[in-house]
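Work through the exercises below with the sequence and the structure at hand. Each task is followed by a solution in steps.

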Amino acid sequence: MTAIDPTAHLTAEQIEELGRELDAIRDEVIAGRGEKDAAYIRKVISAQRKLELVSRGVLLFSIFPPAWLIGTAGLSVAKIMDNMEIGHNILHGQWDWMRDPKIHSTTWEWDHVSPSEQWKHSHNELHHTYTNVIGKDNDLGYGIMRVDEDQRWHPFHLGQPLWNFINACFFEYGIAAYDLELGKNLHKRRRNNPEFRARAKAVGRKIRKQVLKDYVIHPLLSGPSFLPTLAATFTANLVRNIWSHSVIMCGHFPEGVQVFERRSIKGETRGQWYLRQMMGSANISGSRAMHFMTGNLSHQIEHHLFPDLPSNRYAEVAVKVRALFEKYELEYVTGPLPKQVFSAWRKVFRLSLPNRKPKVKTPDREQELVAA
Amino acid sequence: MTSAALRSRAWKLLEMVTTPLLPSDYLDLVSPLRAGADLRGRIEAVLPETDDAATVVIRPGRGWRGHTAGQYVRIGVDVDGVRLWRAYSITSPTHRQDGRVTITVKAIPDGKVSNHLVRRARPGTLIQLDQPTGDFVLPQAKPAKVLYLTAGSGITPVMGMLRDIELDDAVMVHCAPQPYDVIFRNELHDLVADKKLRLTEVHTDTDGMLDIGRLDELVPDWAERETWACGPAGLLDAAEEHWTEHGVRERLHTERFRPGIVVAGEGGEVTFSATGRTVDADGATPLLDVGEEAGVLMPSGCRMGICFGCVTPLKAGAVRDLRTGEITEAEPGVLIQTCVSAAAGPCDIER
Ligand code: FES
């Protein structure tokens, strides 16, 4: 619903054909899933655990600055791996086909203050089903920001660059609050809803465990390195939060990404659903290490088309998906991380102010202007 | 404080250190077979027996409780990255010195696990184990006269018994297509040479299927013997009928390898076992809708296969993935997405 609809040139038949071509890409990957993929995720999980163990071990001596630096760097990477390539993707059911109860969407718990169960609901279900539909997909600005011209401006938005920065630093808490729909649920009437209270309790329990581990137990175990270890864990959490926030901002906020009106998804066909995912997401280009550290969310477009395909396959899928974008003359929004982050932030700043000019210049209105 | 209480305290503390994972998640990295771990085993060797059968030597984890001759074990093997569970009889004796156990597997046509174990499994591979189980075992007091009636891989539990205890009077009738298909043939013939066993081989390719009526001539005193029979359903059905007819049914002990064969078709009767409701479903309606229609409380989310909010155990039968057409059969631990699965024959959903 941005000024010019970039999909206007497609006929209904073309959109369905596009859907069938995407289904074929999906089927091919599913048919080819196997031992190599299983070995991949097991290797990543084992590497993450070893890295975390070693880093925490090094931090026992973090009173020595080099140990602090190495341990903090290692722990930051381990936490990023846990949340991105491992947690996010397992919780999407990407590895459920292995039938390994230890690597399964129904059993996995991650190093994050939002319990897996709640996150799966708000992310997998609400965000992935209603991607970029205003009023339905709360990921659009997380309910605290205005990220599209079509969202109504409110003086509250003047502060949104600041909110966004704070949200980046404490991103996991932001997500937990968001999964709880705190804004909506803190109203007097809803606050006492037993279902909400149970969920709030679960979050409280998770936060307690996480905080106890990071800021009490491990520092205590470090003895004389108590304070440096505390600082190290805080830093690692900060790094992980800012990193994941940046990556996730790049997924749907950069310039060129479309948002949709609530009524536009009524009776949506499979082809139209796919098309919305294509137009509502953006990628990050970069090296393999870059893709790995983003949990392959650098392939956000592919991930949104096929959220349950194993993440290690997105790179090969991307080649075919991109060819479809070209075939159907659609814009594949992608770019290096700094460019995408900058683009997303610029939007945050721009939209903290009310729209400058009327967003749609219909011919009628132009005539009126001329007439006036 | 008792030492058990102390240990549980210490464990609680460890859990605080490793949260949200468990201490075992880290210990598994270095010592997957340790005591207290989920029971696993490591394949140490795969020894060919016949063209299509092999003995797999397994070192079980420390939690292994040991077996009784004739029992089977369920093992979970990753085939093409997918964990599949099957049951196999244990063929090693109970007193094996090195603590290993063996199973002997015959590759059946299209058998995913059996072919994998016979032809592709490599030493060093970890597998999942259950504790051994089954009541196809000899009684505490040695029976005076025994008949073993076996066919094909039905020999395996009996081999476990033969290797375990020596009996005074044991007779075996074993069926296999050809002499070279007889698993453990050399060992059986050694037992015969040592006069520890009397053996009749029925080669079904040349002799035809065993006619149970022929038992009178092969083992004249069969009705006086405690009998252990293991083989395909046809043989066991015939034996059960024969023993019943002669009023000696209580002397016959049978072991069936495959209790139920899943028939995959289009639609079928769906049981929601937690709710106790059964309804007819066609092969095109998602089980989520079928359940809701029947008033069963079904978890759901996106209803289009992307959120994994509807994942539910499939306890029996088979379902078809409406997107790919892929059939999933019930096995312990198999979970399905009800919003994109339809009944492929009768099935049981745990809701
Ligand atoms: S309801 Fe979302 S996957 Fe089934």
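**Exercise 1.** Decide whether Arg185(B) is buried, partly exposed or exposed, and find its salt-bridge partner.

Solution. Step 1: the classes are buried (under 20% relative accessible area), exposed (over 50%) and partly exposed (in between), with a 1.4 Å probe and protein chains only. Arg185(B) has 30% relative accessibility, so Arg185(B) counts as partly exposed.
Step 2: a salt bridge needs a side-chain nitrogen of Lys or Arg within 4 Å of a carboxyl oxygen of Asp or Glu. The side chain of Arg185(B) meets that of Glu201(B) in such a bridge, at 3.0 Å from N to O.
Step 3: Arg185(B) is in helix α5 (residues 185-193) of chain B and Glu201(B) in strand β9 (residues 198-203) of chain B, so the pair ties together parts that are 16 residues apart in sequence. Helices (H or I, at least four residues) and strands (E, at least two) are DSSP runs, numbered from the N terminus.
Step 4: Glu201(B) is buried, at 16% relative accessible area.

A note on the model: it is predicted, so local features need pLDDT of at least 70 and side-chain atom pairs count only at pLDDT 80 or more, while totals for chains, interfaces and linings use all residues. Residues are numbered from 1 along each chain as its sequence is written, chains are lettered from A and ligands numbered from 1 in the order in which they are written, and side-chain values use heavy atoms, with hydrogens and water left out.

**Exercise 2.** Where do Arg323(B) and Asp308(A) lie, and how far apart are their closest N and O atoms?

Solution. Step 1: the closest N and O atoms of this salt bridge are 3.9 Å apart.
Step 2: Arg323(B) lies in the loop between β14 (311-321) and β15 (327-329) of chain B, and Asp308(A) in the loop between α13 (300-305) and α14 (314-327) of chain A, so the pair joins two chains.
Step 3: Arg323(B) is partly exposed at 25% relative accessibility, whereas Asp308(A) is buried at 7%.

**Exercise 3.** Explain how Lys120(A) and Glu117(A) are placed within helix α4 of chain A.

Solution. Step 1: their side chains form a salt bridge, with 3.7 Å from N to O.
Step 2: the two are three residues apart in helix α4 (residues 116-129), and therefore about one helical turn separates them.
Step 3: Lys120(A) is buried, with 8% relative accessibility, while Glu117(A) is exposed, with 53%.
Step 4: over all chains, the count comes to 56 salt bridges.

**Exercise 4.** Describe the surroundings of Leu210(B).

Solution. Step 1: Leu210(B) sits in the loop between α6 (204-207) and α7 (215-218) of chain B.
Step 2: its relative accessible area is 13%, so Leu210(B) is buried.
Step 3: contact means heavy atoms within 4.5 Å. Leaving out residues up to four places away in sequence, Leu210(B) touches Leu149(B), Val173(B), Cys175(B), Val202(B), Leu218(B) and Leu235(B).

**Exercise 5.** Which residues of helix α5 of chain A are buried, and which helices do they pack against?

Solution. Step 1: in this helix (residues 160-169), the buried residues are Gln160(A), Pro161(A), Asn164(A), Asn167(A), Ala168(A) and Cys169(A).
Step 2: the buried residues of α5(A) pack against α6 (171-179), α10 (226-252) and α15 (337-350) of chain A.
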